[in-house]
Amino acid sequence: MYKNIETVLSHMTKFAPFEDSAGASHFPIYNTGTFDLKKQKGEKIYDYTRSDNPTREVLENLFAHVEGGKGCVCTHTGIASVALLFETVLKANSHILVEADCYGGTFRLLKVFKEKYNITVHFANFLDFEKLEEILKNNPIDLVLCESPTNPGLKIIDLEKVAKIVHKYESLFAVDNSLATFISQKPLDLGADFSLFSTTKYVSGHGAVVAGAIVAKTQELSEQIHYYANAHGRSQNPMDVYLISLGVPTLKVRMIEHQNSSLEIAKFLEEQSYITKVTHPGLKTHPQYELAKKQMKYIPGVFCADFRSLDLAEKFIENTKIFGEKCSFGSPDSRVEIPAKISHASFSKEELEAIGIAEGTVRFSIGLENVEDLIEDIKQAVI
Ligand SMILES: Cc1ncc(COP(=O)(O)O)c(C=O)c1O
């Protein structure tokens with residue numbers, strides 16, 4: 001009966017580790033640091049919230065279920081789930097292979113791991129399977145990581161194909177599912193070993209908290225992420241779990257709205273003379289349009305538009321009234337940003353060019369406002 005994902009997300013109390021005797025519609029917040037060992041009679045014993053907490057367990061059980069994994073850790077930020085992945089899989093002197101078009105924070109974290117633990121980071125274009133295979137064949141790669149769609153380039157990676165190549169060389173494959181989310185795309189079903197995501201974005205959908213999650217495909221990997229989450233103190237606090245959970249049941253309806261409005265705006269921008277290129281995986285002009293349709297149920301509401309110049313892009317952003325100049329995506333309010341200046345400021349000009357981001361590229365995250373209001377705002381902002 002609780003077969004389809006919308007039904008599951010609307011009844012998340014079913015994932016509570018024990019039944020609430022008051023029959024509360026939403027699960028209780030156990031906002032406590034410790035638990036009394038003498039008072040617990042159940043099979044599972046709680047001692048300290050950093051290790052385990054019944055509130056956090058609801059969301060962890062739910063995310064593991066909808067991603068198709070054996071276990072999940074909810075983390076205090078999205079980047080903490082990336083850090084936890086590295087802490088779990090990498091050792092000093094390990095090699096990691098990462099899609100060159102990755103979130104700026106992940107890029108910065110890779111630099112930290114490289115400098116502090118002598119990790120060798122290989123970057124590649126994951127559309128080039130031959131290159132991927134060559135790197136895997138010639139280096140002892142422990143972990144392969146990509147986003148799909150990528151942020152900010154919005155490339156679509158064929159996750160099933162990449163998983164097959166990665167496993168041929170007995171490496172582990174992790175997918176950052178922040179943009180598509182589990183309502184649209186199931187990396188573990190396509191062969192990944194880990195699916196991780198920033199719940200700050202679409203999953204919570206309100207832009208009110210920062211948080212993340214990582215789901216492991218096997219029991220063994222699940223035990224490992226829990227072990228390292230406890231050791232490094234990566235787990236999310238119960239109040240934030242509660243705030244994230246409030247947005248989860250409406251994920252599907254929001255994703256449909258984000259998809260439809262962003263497509264309408266992307267099509268409008270494609271026709272404007274001040275725009276040289278629009279990159280939206282839902283547009284037929286996108287190079288991986290067919291793969292995007294096959295791999296994702298709904299296309300997220302993030303896209304890039306290249307303005308003729310940086311000057312024009314900056315003036316546009318300054319003049320918009322509804323769009324905020326903000327990083328992040330997946331919130332109810334629409335936002336614009338220049339990746340080269342904000343979210344991907346840690347990339348060099350050459351590194352940005354290699355992933356197709358120009359000086360005048362503006363990343364749009366379309367919210368839940370009326371789409372006609374948004375188009376009016378764009379029209380009045382371009383002078
Ligand atoms: C693809 C991707 N992964 C991870 C993160 C990090 O998430 P958080 O900001 O919640 O730490 C972000 C943030 O923008 C992101 O875009």
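Mentor: Let's begin with the ligand: 14 residues lie around it, and Thr77, Gly78, Tyr103, Ser198 and Thr200 come nearest. Here a residue is near a molecule if its C-beta atom, placed from the backbone, lies within 6 Å of it. This is a predicted model, so local features need pLDDT of at least 70 and side-chain atom pairs count only at pLDDT 80 or more, while totals for chains, interfaces and linings use all residues. Residues are numbered from 1 along each chain as its sequence is written.

By class, the shell around the ligand has nine polar, three nonpolar and two charged residues. In this scheme Ala, Val, Leu, Ile, Met, Phe, Trp, Tyr, Cys and Pro are nonpolar, Asp, Glu, Lys and Arg are charged, and the others, Gly among them, are polar.

Next comes Lys201, which an unreviewed UniProt entry lists under "modified residue: N6-(pyridoxal phosphate)lysine". UniProt positions follow the numbering used here, feature names are shortened, and such annotations may be inferred rather than shown by experiment. Lys201 sits in the loop between β6 (194-198) and β7 (212-216). Strands are DSSP runs of E with at least two residues, helices are runs of H or I with at least four, and both are numbered from the N terminus. Lys201 counts as buried because it has 24 C-beta neighbours inside 10 Å. The cut-offs are 20 or more other C-beta atoms within 10 Å of a residue's own for buried, 12 or fewer for exposed, and partly exposed in between, with C-beta atoms placed from the backbone. Leaving aside neighbours within four places in sequence, Lys201 is in contact with Ser178, Ser328, Phe329 and Gly330; contact means C-beta atoms, placed from the backbone, within 7 Å.

Strands pair if DSSP finds at least two bridges between them. In β1 (residues 71-75), five of the five residues are buried, so this strand is largely enclosed by the rest of the structure. Gly71, Val73 and Thr75 cover one side of β1, with Cys72 and Cys74 on the other.

Now step back to the domains. An automatic or database assignment sets such bounds, and here it gives domain 1 (5-249) and domain 2 (251-381). Their centres, taken over C-alpha atoms, are 26 Å apart. Between them, 29 residues of domain 1 are in contact with 34 residues of domain 2. On the side of domain 1 that touches domain 2, α1 (5-9) and α4 (104-117) each supply at least two residues, and α4 gives the most, with three. That side divides into 14 nonpolar, nine polar and six charged residues.

Finally, look at the open, mixed sheet of five strands in the order β8-β9-β12-β11-β10. β8 (275-279) and β10 (324-325) are at its edges with a single partner strand each, so one side of each is left without a neighbour in the sheet. β9 (residues 302-307) runs antiparallel to β12 (residues 361-365), joined by five bridges, with Ala305 opposite Val362. β9 also pairs with β8 in the antiparallel sense over four bridges, where Ala305 is the bridge partner of Val278. Six of the six residues of β9 are buried, so β9 is largely enclosed by the rest of the structure.

Terms used
Two residues are in contact if their C-beta atoms, placed from the backbone, lie within 7 Å.
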